[in-house]
Amino acid sequence: METIGKSVPRIESRKKVTGTARYANDAQNADQLHGWLVTSPYAHARIVRIDCAGALAASGVHAVVTGADYPVLTGTVLADRPPLAVNKVRYFGEPLAVVVADTEQLAKRAAALIRAEFEPLPLVQSPSEGLRPDAPLVHEELGGYEKFGDVYPVPGTNIGNFVKIRKGDMEAGWAASEVTVEGEFAFDSSDHCAMEPRCSIVEAMPDGTIDIQTSTQDPFFIKRLFERYFRAEQKKVLVHTPLVGGGFGGKGSIQLEYIAYIASRACGGRPVKINNTRETDIVSSPCHIGLEAKVKLGATRDGKLTAAEITLLFDNGGYTDNGAIVTTSAAVDCTGPYRIDHVRCDALSVYTNHPYATAFRGFGHLENHFCMERAMDLLAEELRMDPLELRRRNAILPGDTTPTQAPLDRSNLGDLPACIERLKPLIKWEGGGRVAVAGDLVRATGVACIWKTSGSEIDTGSGAILTFNHDGTMNLTVGAVEIGQGNRTVMAQLLAERIRVPVDHVHVMLDIDTQVTPEHWKTVASSSTMMVGNAVLDAADDAVAQLKANASLVLKRPAEALDFGGGYVFVRDDPSARLSFASLMSGYMYPDGSAVGEPVIGRGRNRVHGLTRLDPETGKGIPGEQWTVGAEAVTVEYNTRDCTYRMLQAVSVIDAGKVINAATARGQVTGGMSMGLSFATREAFLYNEDGIVLNPQLRYYKLIRYGETPEYVVDFVETPYLQGPYGARGISEHGTIGMPAALANALSVAAGVQLNRLPLTPEQIWRCTQGLR
């Protein structure tokens, strides 16, 4: 192949490094107003009164909107969240009003003049607390909320979604078990910390047109939700998405778009921009979900897994949003990439009085894999078996089925044993264990295996449009959002390979305009390369067929006798008889001015096939088209005296199906690994007894920094996914998934104590060595 597999430079990189790249907050309009969010100082309280008089009298203020002005309920699958709090607040930082003024500074100043009175209510601070019989209800009206899709709330409780997976016969599974292990695992909610805070600009025009400019991963879904909740006509909802400065799932939720819309309505339709500060982006907008879990595994003495019982209690915060779907996603792959014939999993999305959760890189799999992979190490220790050998013996294989009983083959699964074998020499694996280094220092390596299906909605599709310039170069338009993952470059490579031209002959539109851009479901689930890539190949084939049809009229040969390449269509048996793409792109014109043929416009489509809904009682069904598998490891140097440690090396081997761009593939996986290690080592919200987030700023919410990172090693196995473009499967999230578990496994060996709670700070490790919680 000429282009596939090569490290083609990112096509938008020059704009980014020169500062000419445009993001949502760069949009300016002379008529534009600015909104400032007023947020709740309480985690759970009844709203007694909101006095807006002082703010309305302030200089430059055009409107103040509260939840009482627009008491509509919104949500992805369960309509439980008002754009602005109505009657009560359910988490610290919840928006309860928006002040609109001529400038952001004036809006901020006026917001400080709003006087709100609250009646504090009892709190739910964890999922287990929320399930107690005497727990206060976060949503008293849960039974009356409208549902959209497969979500199963339990009225009269704090359960926003209850997912059940039932496979095999648990009684038989436990009867066959000669060894069992159990573990409890937990971590608090945290933030995505994308470089670009969320920003939305909405203009609600008098004729019903709603023009939205926003940093989102879901521009096309926004149209549907505005129709659903505001009775807007989809044809009048115009969504523009420029480059997005990171999303990681956090920009897959719709929040500021609703608030900016009702603010614009209150100002006669003038455009209103709401640009999150870092503080509001961390605590007021949706965050990374928290978890409390229990895992029990059964196995024979030779290490064959026989049964798994898994309970996942997700901390969904004050509203369900996408967290309810994350709960389902974790459940469908709950066993990790292992064959277990007898499985019982209960996954619950539980309301708490924490910031509400949404998707985070890995979509439930990072969270579930932390628990499952720690349990696998517990089992290896009980069996006195090499942890990597235990995983190899139980690796899921073609012919096996998933926890939801979806059938697997070599194409849709890939090759986990090959990933394990590739990993061993990269980490110099000799069975694991703790190695003395010098003084108080010891070294240990932890491993983890991963898998994830790139699930989507059943009615999911993607499109691509290809047009030609008069010099024969091409313009490609696709609906996936460029959020930093490099999908525009990959799309250019796929098109260039298919149509046999250099990559620099392809121009890919960076921005999304839902009125003219072909639809793509959402830019999530590591699915852009597969779904949109297939549409690009289809568009290329369609364009080539049209080029051949035009050429056949001129060359007097049937289209079947023609071939193409290098920007020409030529006779296969006589390549000297050729016509350029440039001469054919709008039909062919003869020297005398007469013309034949038609303009060439390539149209590409891709539709997800074969998915089924999950049975609500057993979970049986097919949730995704393919699973990406991999093996990962982290090596640490640990100080037994003060519980500090250094990460020396982190390794990922992933079955990519086919690597399209070698450099961006490694960059994607490396970035994911760094994100997973940052989360595992230090990231979590710190709550006080009142549910207040104590670290809502990057000064206190610490991320991994340069100099703290290990050596990153990334390698790939390539087992082609036959329905993917040139065999490719999704890999964008997978570097993240195994890192917390691999690190915890390494540190558990090094510290000689089971570390089952994140983040793995020296204090947390010390507390565990002292037998403290």
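**Notebook: helix contacts, sheets and backbone exceptions**

I began with helix α10 and listed its meeting with helix α11: Glu373, Met376, Asp377, Leu379, Ala380 and Leu383 of α10 touch Pro387, Leu390 and Arg391 of α11. By class, I recorded six nonpolar, no polar and three charged residues for this contact. The model I am examining is predicted.

I then looked up the geometry of this pair. The axes of α10 and α11 (residues 387-394) come within 9 Å and cross at roughly 110°.

How do the axes of α10 and α19 cross? I found that helix α10 (residues 365-383) and helix α19 (residues 739-751) have axes that come within 8 Å and cross at roughly 30°. On the α10 side the contact is made by Leu366, His369, Phe370, Glu373, Arg374 and Asp377, and on the α19 side by Pro740, Ala741, Ala744, Asn745 and Ser748. I noted its classes as five nonpolar, three polar and three charged residues. Glu373 and Asp377 are listed in the contact with α11, and both are listed in the contact with α19.

**Eight-stranded sheet**

I next traced an open sheet of eight strands, whose order is β3-β5-β1-β12-β9-β10-β11-β23 and whose pairing is mixed. Which strands stand at its edges? They are β3 (61-66) and β23 (512-513); each has a single partner strand, so one side of each lacks a neighbour in the sheet.

Strand β1 (residues 33-39) pairs with strand β5 (residues 95-101) in the antiparallel sense, over six bridges. His34 has Ala101 of β5 as its bridge partner.

I also noted two helices that pack on the sheet. Helix α6 (residues 219-230) touches β10 (210-214), β11 (237-241) and β23, and its direction makes about 155° with that of β11. Helix α7 (residues 256-266) touches β1, β3, β5, β9 (199-204), β10 and β12 (272-275), and its direction makes about 35° with that of β9. Strand β10 is listed for α6 and also for α7.

I found an open sheet of three strands in the order β4-β2-β6, with antiparallel pairing. Its edge strands are β4 (88-89) and β6 (115-120), each of which pairs on one side only. Strand β2 (residues 45-51) joins β4 over two bridges in the antiparallel sense, and Arg46 stands opposite Lys88 of β4.

I consulted the UniProt record for this region. An unreviewed entry places the feature "domain: Aldehyde oxidase/xanthine dehydrogenase a/b hammerhead" at residues 18-122. For residues 18-122 I recorded 12% helix and 33% strand, with the end C-alpha atoms 51 Å apart.

**Backbone exceptions**

Most residues other than glycine have a negative phi, and most peptide bonds are trans. I looked up one exception of each kind. Phe248, in the loop between β11 and α7, has a positive phi near 55°. Leu758 and Pro759 are joined by a cis peptide bond, with omega about 0°. I located Pro759 in the loop between α19 and α20 (762-769).

How values were computed. Residues are numbered from 1 along each chain as its sequence is written. This is a predicted model: local features need pLDDT of at least 70, side-chain atom pairs count only at pLDDT 80 or more; totals for chains, interfaces and linings use all residues. Side-chain values use heavy atoms; hydrogens and water are left out. UniProt positions are given in the numbering used here, feature names are shortened, and annotations may be inferred rather than shown by experiment. Helices (H or I, at least four residues) and strands (E, at least two) are DSSP runs, numbered from the N terminus. Axes are lines fitted to C-alpha atoms, for helices over the stretch in contact, and angles run from 0 to 180 degrees between N-to-C directions. Contact means heavy atoms within 4.5 Å. Ala, Val, Leu, Ile, Met, Phe, Trp, Tyr, Cys and Pro count as nonpolar, Asp, Glu, Lys and Arg as charged, and the others, Gly among them, as polar. Two strands pair if DSSP finds at least two bridges between them.
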